[in-house]
Amino acid sequence: AACSSARASVDANHDRESVHESVVMSIAASSSRLSTADAMKWASNFVSSVAIVMVNKQLMGASGLAFQYATTLCGMHFLCTMSVRWCRPRGAAAAAARAEAAKGGRELPQKKLLAFVAVASTSIISLNLSLMLNHVGFYQLAKLLQIPAVCLIEVAFFGRKVSWALARAIGVVMFGVGIATLQETTMNFWGTIVAAIAVLSTSAQQILVSRLQSEYSISSNDLLGRTAPLMALAMLTVGPFLDQILTGSFITDYYWTGESVMFLSASCLLAIWVNISQYMCIGTFSALSFQVIGHVKTVFIFFFGWLLFDIPVTWNNVIGGLVAIAGISYYSHIASLEKENAAQTRRPKV
């Protein structure tokens, strides 16, 4: 009997160890899959964002095809992005709805959807106006200020806690990007007001992308599919008239060629990819991480601009880019450690 009891005790201990081992292996495997998926999302957004900038440089540049109607182009981008909702396989929408209901998802209120579209439209319009009213150096500075703006909004209104280590990493990234991009800056009253609106609305739009997905348990593609038609309507209604003010000509005055149609089509197709990957990245991570890590695209845009369009690269671009990449690497390392520590605290004890 004693022997049987001892064997039972050994077997029980062995079972507990096996369970513990399997749990650890399962968590490790899940973490590995998550890391691979995360890397693929960032890579997708990086490649598509750099590619669309290069295509748009040729499409919109004065030395290229001189299609200067930026706001109308954004409307065309969202018009094409509407295909995200239409191209889902038959029955996928119902399956997605059932999955959302199973996760406790709620229907996204129309008021919040319209509020998001208003914020996003304000972001696009104010960014274009800011570029018109401000010197390019001040415009770049305003875009750089989106990082602390996102951080402050999340801390003030959503209770996010930012560690000193993350704050230091953000500071290094801003310093590096500042060296690489900032030129002589001049300010004017209306330009500053519009730039401030652009910073706040763009930051709020990216935060809302993340919050709406998490609050209502909807996928990034579903949110994009719901907002794209309204964004297209808003941009194509306002865009041509705003572009006429900015450029002095209406879009119907543009002389189309086969080459310009080809580059416009490429821009619209890439915009679908950019929008899908952006909503995925913000939904998976956060608006703050998207802003910080996203600045690596700025560094590579300099490189490809020099490679493809002979745009001069200065030592400021090189040194600032290296500092920014170091800061982004440090930020990614700290964010990964904090995410891992948070996961360990939530891990069930076996």
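How much accessible surface does the chain have, and what share of that surface belongs to carbon and sulfur atoms? The total is about 18,900 Å², with 67% on carbon and sulfur (Shrake-Rupley method, 1.4 Å probe; for residues, only the protein chains shown count as cover).

This is a predicted model, where local features need pLDDT of at least 70 and side-chain atom pairs pLDDT 80 or more, while totals for chains, interfaces and linings use all residues. Numbering runs from 1 along each chain as its sequence is written, and side-chain values use heavy atoms, without hydrogens or water.

**Whole chain.** Colour by secondary structure. You get 14 helices and zero strands (DSSP runs numbered from the N terminus: H or I of at least four residues for helices, E of at least two for strands). Of the 350 residues, 38% are buried (under 20% relative accessible area; exposed is over 50%, partly exposed in between; 1.4 Å probe, protein chains only). Take the contacts with a separation of 6 or more: 87% are between residues 24 or more positions apart (contact: heavy atoms within 4.5 Å).

**Helix 11.** Select residues 258–284, then pick S267. S267 counts as buried because its relative accessibility is 0%. Show its surroundings. Beyond four places in sequence, S267 touches I52, V55, N56, L59, L73 and H77. Now draw the link to H77: the two side chains make a polar contact of 2.8 Å (N or O atoms within 3.5 Å; within protein, one able to donate a hydrogen and the other to accept it; sequence neighbours count only if both atoms are side-chain atoms).

**Helix 12.** Move to residues 287–294. Eight of the eight residues are buried, so helix 12 is largely enclosed by the rest of the structure. Step through the buried residues, including L288, F290, V292 and I293. Q291 and S289 are also buried.
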